[in-house]
Amino acid sequence: MIDFIKGAYYEFVNHVTWPKWNVLQSATVVVAVATLILALFLYGVDSLFSEAINGLYKILK
């Protein structure tokens, strides 16, 4: 197990290419905006289906 941890640490330090700070910031903004758009879209679809089901219940009642 210790050899695995040493090997993983070595890989992280010497072989992983970490992104630059400005690239990381711009990618974070893209993910945040995409998440917000997806959340708003899902809220709209959920509201639409909720109203449709409530309308259907009122018709059948």
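Helices (H or I, at least four residues) and strands (E, at least two) are DSSP runs, numbered from the N terminus. This is a predicted model, in which local features need pLDDT of at least 70, side-chain atom pairs count only at pLDDT 80 or more, and totals for chains, interfaces and linings use all residues. Residues are numbered from 1 along each chain as its sequence is written, and side-chain values use heavy atoms, without hydrogens or water.

**View 1. Two helices and zero strands make up the secondary structure of the protein.** The radius of gyration (over C-alpha atoms) is 24 Å, well over the 10 Å from the globule rule (2.2 Å times the number of residues to the power 0.38) for 61 residues, so the protein is more spread out than a compact globule. Its C-alpha trace spans about 70 × 35 × 10 Å along the principal axes.

View 2. Tyr9 counts as exposed because its relative accessibility is 60%.

**View 3. Leu24 sits in helix 2 (residues 21–60).** With a relative accessible area of 37%, Leu24 is partly exposed. Looking back along the chain, Val13 is 11 residues away from Leu24, and their C-alpha atoms are 18 Å apart.

Definitions and conventions:
Buried means under 20% relative accessible area, exposed over 50%, partly exposed in between (1.4 Å probe, protein chains only).
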